[in-house]
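Here is a short note for a colleague opening this entry for the first time. Please read it beside the structure, point by point.

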Amino acid sequence: MSANENNQPSLIGGHAEYVKGATEAAIGNATGSHAWTSSGEQAKAHAVDTMKKAGEQRDSSQGYGAAEQKLGQVTGCEGMTNEGAASKKQVSSSWRRYRYQEVDTRIESLLIQRQQLTDELIANPYDIILYLKRALVYSDLGYPDLASGDAYRALLLTDEVLNDGFEYHEIAVETLRKYANGTIVDVFDHGALSEDGVRLAGSESRADPIALASLASIRCFQILALSLLLCGCLKSSYEFCVRGLAVSPGNAELKNTMNYIQTVGGRRMRGEITGPNDLPDWGMVRREVYPWNNYEPDRFSDVSLDFLNRELAQMAPKCCVKVSQLPILLGGASDTDSYEIIPTCNQLGVFAKEDIAPGENVLIEYSLVTANNRLKDAVCDACSSELPGLGPDSKAVNCPECYDTVFCDQVCFEKAQQLYHPAVCDKDVDSVAKDPEAREADETLHLLLLARVLAMAAHQGIHPLDVNQIKYIWGDFVDSKANEIDLSPKAGAPPEWTLPFSFKYNIETPFHILEKMDINIYEALAHHDIWVFNTLYSKFRGTASARKNPRDGRPDVAAVHPFWCLANHDCNPNVTWEWGGKMVLRACETRVVGNVEGGIKSGEEILNHYCDVQLPVQQRREWACGSLGGWCMCERCRNEAAIDAQSKG
């Protein structure tokens with residue numbers, strides 16, 4: 001093994017450790033946790049030092065090692081400036097001059113490849129090799145989460161090939177057979193796997209799809225392990241490494257990834273890693289309107305506003321939806337609180353078109369996008385309100401096909417039958433993610449909201465992102481350009497990705513839910529790709545409201561009310577709200593600031609509140625970072641923060 005190869009684990013480990021440090025720091029900033037922030041900054045500093053030392057030992061004439069280059073591109077972390085300058089091959093000044101143009105061209109080319117592969121997969125949904133090819137394109141685009149999803153679908157298909165009793169065995173074998181022709185499949189041209197591919201192509205088994213599926217499974221494990229590491233899902237990455245090494249014990253790439261996991265995990269957990277349960281399994285990925293997402297509507301168009309106002313008229317007759325100018329949320333504390341003019345952005349808002357008296361109902365909204373994570377709890381399956389008491393006069397209605405599913409009245413039963421229930425009726429979907437551990441209560445509710453939207457889409461025969469109840473919700477998306485990895489030789493720190501992600505909740509369990517609904521996860525790719533799940537999760541987070549169980553304080557019921565969340569947050573709200581089957585917005589009797597009389601004048605915006613507005617400004621802003629994605633810049637927060645700053649000198 002060359003000196004260059006000996007140094008690779010150190011260099012790549014440094015890059016991977018930097019990703020984890022950046023993730024920890026982002027969590028600390030979002031939650032206000034000094035411990036997280038401090039741990040993240042220490043990890044980043046240690047990673048930079050590691051890369052500098054490793055870079056000093058490199059042969060500067062050799063350029064990046066293949067694995068190091070991939071990880072460096074995805075992380076774009078600090079330390080790449082010096083280390084990259086020392087190890088990269090010399091580039092001309094003209095190359096630098098056109099670098100940004102070339103990056104744009106490269107991304108455009110990859111997006112074209114992605115679309116071509118997607119079209120091919122829709123036509124050939126059982127093709128293992130196509131999934132692996134698209135996974136590699138996603139990796140090059142900087143979407144390790146989406147790469148993981150494709151690699152997992154491919155891995156499931158290798159199981160179908162290798163087990164003749166599985167449902168899709170025959171079609172998976174036939175689809176793979178066209179590649180078993182004695183030629184080398186390009187997706188296997190990676191590290192030690194290249195030699196295995198050459199040997200297979202020249203052996204007596206070259207026409208055997210079973211042998212090819214076994215080789216493909218190793219490539220799946222490689223992509224899954226490295227991609228999940230880059231997402232921050234160390235436990236899942238570890239488990240796929242173990243599974244891959246069981247198939248190919250000497251695989252160098254899997255061994256290297258295992259070393260990176262141990263290094264990053266030990267640093268993060270501040271101790272020796274003895275097994276997967278010692279490792280964290282949540283990370284952050286890109287939260288954006290994907291470049292290929294054609295389902296996100298122009299929320300400001302006349303068509304969208306007309307639809308929203310027709311719907312709103314039924315639940316808030318004195319209100320209308322219009323474009324509102326909101327202050328841009330900042331990433332953290334700044335000295336702009338005392339500024340008279342601050343930057344703004346356009347969002348939708350709810351406005352009064354007539355005077356509304358103090359204490360008067362502003363909006364009464366009924367939603368079926370609800371979730372309950374208690375198994376067989378006494379709540380309505382549709383609206384999640386408490387079920388009425390038993391007895392001859394009870395209004396509760398049981399589903400005649402799956403008797404354990406109960407609705408609070410005939411209205412909820414009929415709405416459920418119209419919008420979602422037949423897609424899950426008597427299919428045991430309601431047993432998924434129920435009675436979770438306390439630490440997973442929030443995530444199971446988000447998962448079950450996803451399941452409800454998938455059921456609504458399946459029953460109505462539409463794409464999940466076309467479900468009216470979620471279509472117009474803004475998911476706190478970040479512009480794709482801001483999420484991209486800087487590939488230039490002087491790349492700085494990676495972007496702060498903001499969507500929580502885990503293999504279990506974003507890939508594995510959604511597939512399990514679809515299978516319970518009798519939806520073919522391969523043939524339904526166009527409707528049920530991982531980016532679709534991520535987009536829905538983006539819409540739920542920050543807009544879903546939850547109710548805690550009074551017995552143990554855990555959140556056990558959640559709902560998304562699309563018109564309630566159109567009313568923008570302000571820490572001096574003019575409405576208050578309560579949720580019990582229906583979401584009710586009511587005009588405040590008195591305002592928080594100045595204790596002045598409430599009520600809303602015609603033309604004024606409805607100002608909602610998503611947090612406890614009695615908290616001091618620092619705590620309100622810390623909450624906003626976690627829920628809204630940035631530092632609250634409402635007038636009250638700016639005024640109170642400016643006063644606090646003056647009092648502290």
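1. Terms first. A residue counts as buried under 20% relative accessible area, as exposed over 50%, and as partly exposed in between (1.4 Å probe, protein chains only). The model is predicted: local features need pLDDT of at least 70, side-chain atom pairs count only at pLDDT 80 or more, and totals for chains, interfaces and linings use all residues. Numbering runs from 1 along each chain as its sequence is written, and side-chain values use heavy atoms, with hydrogens and water left out.

2. A nonpolar core here is a set of buried Ala, Val, Leu, Ile, Met, Phe, Trp, Tyr and Cys residues joined through side-chain atoms within 4.5 Å. The largest one holds 151 residues, and Phe-188 and Ile-606 touch the most other members. Helix 11 (residues 209–231) gives the largest share of this core, 13 residues. Helices (H or I, at least four residues) and strands (E, at least two) are DSSP runs, numbered from the N terminus.

3. Around Ile-606. Contact means heavy atoms within 4.5 Å. Neighbours within four places in sequence aside, Ile-606 is in contact with residues including Cys-319, Val-350, Phe-351, Ala-567 and Leu-585. Another core, of seven residues, lies apart from the largest one; Cys-632, Cys-634, Cys-637 and Ala-641 are among its members.

4. Salt bridges. Side chains of opposite charge can pair when their charged atoms come close. The rule used asks for a side-chain nitrogen of Lys or Arg within 4 Å of a carboxyl oxygen of Asp or Glu.

5. Glu-296 and Lys-539 form a salt bridge, 3.1 Å from N to O. Glu-296 sits in the loop between strand 1 (283–285) and helix 14 (302–313), and Lys-539 in helix 20 (residues 530–540), so the pair ties together parts 243 residues apart in sequence. Both Glu-296 and Lys-539 are buried.

6. A partly exposed pair. Glu-360 meets Lys-318 in a salt bridge at 2.8 Å, N to O. This pair links distant parts of the chain, 42 residues apart. Glu-360 has a relative accessible area of 24%, so it is partly exposed. Lys-318, at 25%, also counts as partly exposed.

7. In the salt bridge of Arg-452 with Asp-381, the closest N and O atoms are 3.7 Å apart. Arg-452 lies in helix 16 (residues 441–460). Asp-381 is partly exposed, at 24% relative accessibility.

8. A network. Salt bridges also link Arg-134, Asp-150, Arg-153 and Asp-529 in a network.
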